[in-house]
Amino acid sequence: MTPAIELLNQLGHSYDLRTFDHPANERNYAQAAATALNIPADQIFKTLLWRLNTGVQIVAIAAASEAINPKALAKLAAAKKAELLDAKKAESTTGYLIGGISPLAQKQRLPTFVSETACQHAMVYVSAGRRGLEIGLEPNLLLELTEATLGAFTNTV
């Protein structure tokens, strides 16, 4: 059981837990989940950590079918520049391994931004805190639990 699943259970929220075999050499984790689970890539959301030019770290959550626009993300976060955090720093900040970073129950609560496309679905899937494990939940619950700001900071791939 991961901290993300424990949080949902503790709060009494319903969710859809899905497991799949994650290919060892696959680095596009969200797309691998979409393919393995036969869920559209615009319904599987990746969790990425960024550093703003102000030094603040943030979380960006976007669909597997989307590319994050760093300038748009920075603007939404009231900064001038955003760059992707390196893998080791992302892991130490969240307490999760790359490919299994859940937006839920991270070690540190960071400002979080969710792509506005999440609200186009009744359910979105995010990592449950381990590679090969996805949690499906309503977008409003994701926003509530992460205290996220909904915004436009992506482009379709």
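The lining of the largest pocket draws at least two residues from each of α2 (29-37), β2 (45-52), β7 (124-130) and β8 (133-137). Among these elements, β2 is the one that gives the most, with 5 residues. The model is predicted.

In total, 30 residues line the largest pocket, and those nearest its centre are Tyr29, Ala30, Lys46, Thr47 and Leu48. The volume of the largest pocket is about 410 Å³.

The second largest pocket has a volume of about 180 Å³. Its lining comprises 14 residues, with Pro103, Ala105, Gln106, Arg109 and Leu145 closest to the centre. Helix α5 (residues 139-146) provides the largest share of that lining, namely 3 residues.

| Pocket | Volume | Lining classes |
|---|---|---|
| Largest pocket | about 410 Å³ | 16 nonpolar, 8 polar and 6 charged residues |
| Second largest pocket | about 180 Å³ | 7 nonpolar, 4 polar and 3 charged residues |

Two of the strands that contribute to the largest pocket, β7 and β8, are also paired with each other: they run antiparallel and are joined by 5 bridges. Within this pair, Val126 stands opposite Ile135 in β8. The two strands form a hairpin with 2 residues between them. In the turn, Gly132 has a positive phi of about 85°. Strand β7 is mostly covered, as 6 of its 7 residues are buried.

Methods: Residues numbered from 1 in each chain as written. Predicted model: local features only at pLDDT ≥ 70, side-chain atom pairs only at ≥ 80, totals over all residues. Heavy atoms only, no water. 1 Å grid on protein atoms, 1.4 Å probe; cavity = no way out; pocket = protein on both sides within 12 Å on 5 of 7 lines; lining within 4 Å. Points joined across faces, edges and corners; volume = space filled by probe spheres on them. Helix = DSSP H or I, 4+ residues; strand = E, 2+ residues; numbered from the N terminus. Nonpolar A, V, L, I, M, F, W, Y, C, P; charged D, E, K, R; others polar. Buried < 20%, exposed > 50% of the residue type's maximum accessible area, 1.4 Å probe, protein only. Pairing = 2+ DSSP bridges.
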